[in-house]
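Dear colleague,

Here is the structure I promised to hand over. My notes on what was found in it follow below.

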Amino acid sequence: MQCELLTAEGDPVALAAQLRALVPQGASVSDQVAEIIGAVQGKGDVALLDYTRRFDTGGAEPSVLEVPASDLDAALERLDPDVRAGLERAIDNVGAVAQAGVRDEIKAVTFDGHQVLLREVAVRRAGVYVPGGRAPYPSTVVMGVVTARVAGVSDIAVCAPPGPSGEIDATVLAACRLAGATRVYAMGGAQAIAALAYGTETVAAVDVIVGPGNLYVQEAKRQVSGDVGIDGFAGPSDLFVIAGSEAQPEELTLDLLAQAEHGPGTLVIAASPERGLLDQLGDRLVTAADTGAVARLVGVPDARYALALAQEFAPEHLELVGSDAEALAPDATRAGCVLVGGASATAFGDYVAGSNHILPTGGAARFSSGLSPGHFRRRFSEVRIGAGASELARLAAPIARAEGFEQHARSMEARIRDNGQR
């Protein structure tokens, strides 16, 4: 694995930018994706099956696009009991955390005495994209489907690319049945995103699309985002560890290597004032198998500087290990997920901790959030104005006229009533 030791000096903003630059920018696939989306919109299932043959099954004829419920049941029956137990715990924990973020309505009373009710409702249909290139990801099924179900979505579609057999991995199918997916489609890539966004003869169009995927999938989500909701754009994964003297080098090495398993473009960073700890990490990392990930070890003057650097870097995952680092947890505000303490390995968050592993990448934690029920719900206002309408009209009409909207002003003034008379 590529691994270098840096010494932090000066402004952490510049160093954070230097670290971000280690992740190469993907080539533009905008034109290719636009062509795929246009073909699926125009030709429906015919284009979808053609692209599936070309990109997913290696030329083999795909099986049916929509996986029959009997296949999900059969996959669940064959599922390894230990894998099932882990998935069931993940479903329970992800559901519990998601439920804490759901609220139906909030009532606000204004200065004028009228009420504005903030109501939340779930979207009708959602699509969860589950990658299938490097390996099957049943955990992504859990993160997407359970969160959508808790949010109140009644129709949840999962799509995953089929392999040369024309079928989706059996563990993914079993996870779909356990998590509560409504329907499952054997399709991947930009063509799957297009089908979910616009519908085909077989695929029902959805309101929101979530989930990670390759550059083509993310570009397709970007291009359809004006027509459907999306969770964000998922790029290469990253992990930033702030470690103190109590941190165990063996455990931290495994944490960094675990994240590096995500492959090329992944960036793992450990920052510490303990030079001896960094040397031990470096010795272990340079002998590890090369996954295409990049590692950087950063010597910092203290944990507070390390946190300032992490805040500028805005990592997908932030681990705080050691008393000095853990004490800074309340100040860690720009990360997709913050894991506090030596036992809180990032890998737990990827599977069973209950926090969602579909997280903002590429520094997007500055302004974006991990997947939550909010991605599947929309809020709107219900306004009931009574006796206060007269005073509101007197206050608002001059604003409307200042903006050049005479009929707005007259519409409000029509509600002015004096002494019970119009």
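**Salt bridges**

Arginine 275 and aspartate 279 join their side chains in a salt bridge, at 3.1 Å from N to O. A salt bridge here is a side-chain nitrogen of Lys or Arg within 4 Å of a carboxyl oxygen of Asp or Glu. This is a predicted model, in which local features need pLDDT of at least 70 and side-chain atom pairs count only at pLDDT 80 or more, while totals for chains, interfaces and linings use all residues. Residues are numbered from 1 along each chain as its sequence is written, and side-chain values use heavy atoms, with hydrogens and water left out.

Both arginine 275 and aspartate 279 sit in helix 11 (residues 275-286), 4 residues apart, about one turn of the helix. Helices (H or I, at least four residues) and strands (E, at least two) are DSSP runs, numbered from the N terminus. Aspartate 279 has 36% relative accessibility, so it counts as partly exposed. The classes are buried under 20% relative accessible area, exposed over 50%, and partly exposed in between, with a 1.4 Å probe and protein chains only.

The whole structure holds 21 salt bridges. Another of them joins the side chains of arginine 377 and glutamate 120, at 3.1 Å from N to O. That pair links distant parts of the chain: arginine 377 is in strand 14 (residues 377-384), glutamate 120 is in strand 3 (residues 115-122), and 257 residues separate them. Arginine 377 counts as buried, at 12% relative accessibility. Glutamate 120 counts as buried too, at 18%. A network of salt bridges links Asp104, Glu120, Arg377 and Arg379.

Arginine 183 and aspartate 155 also meet through their side chains, at 2.8 Å from N to O. Arginine 183 lies in strand 6 and aspartate 155 in strand 5, 28 residues apart, and the pair links distant parts of the chain. Both residues are buried.

Two strands pair if DSSP finds at least two bridges between them.

Contact means heavy atoms within 4.5 Å. Axes are lines fitted to C-alpha atoms, for helices over the stretch in contact, and angles run from 0 to 180 degrees between N-to-C directions.

Strand 7 (residues 208-210) pairs with strand 8 in the parallel sense, over 2 bridges. There, valine 208 stands opposite glycine 229 of strand 8.

**Strands 12 and 13**

Strand 12 (residues 317-321) and strand 13 run parallel, joined by 4 bridges. Glutamate 319 has leucine 339 of strand 13 as its bridge partner. Strand 13 (residues 337-340) has a covered face of Cys337 and Leu339, and an uncovered one of Val338 and Val340.

**Helices**

Helix 7 (residues 170-179) is mostly covered, with 7 of its 10 residues buried. They are Val172, Leu173, Ala174, Ala175, Cys176, Leu178 and Ala179. These buried residues pack against helix 4 (69-78), helix 5 (81-99), helix 6 (138-151), strand 5 and strand 6.

Threonine 253 is in helix 10 (residues 249-260). At 5% relative accessibility, threonine 253 counts as buried. Beyond its neighbours within four places in sequence, threonine 253 contacts Leu281, Arg284 and Leu285.

The axes of helix 15 (residues 389-402) and helix 16 (residues 406-413) come within 7 Å and cross at roughly 170 degrees. The two helices are therefore roughly antiparallel; angles under 35 degrees count as roughly parallel, over 145 as roughly antiparallel, 65 to 115 as roughly perpendicular and the rest as oblique. Helix 15 makes the contact through Ala393, Ala396, Ala397, Ala400 and Arg401, and helix 16 through Glu406, His408, Ala409, Arg410, Met412 and Glu413.

**Overall**

The protein has 16 helices and 14 strands. Of its 422 residues, 48% count as buried. The C-alpha trace spans about 85 × 60 × 40 Å along its principal axes.

Best wishes
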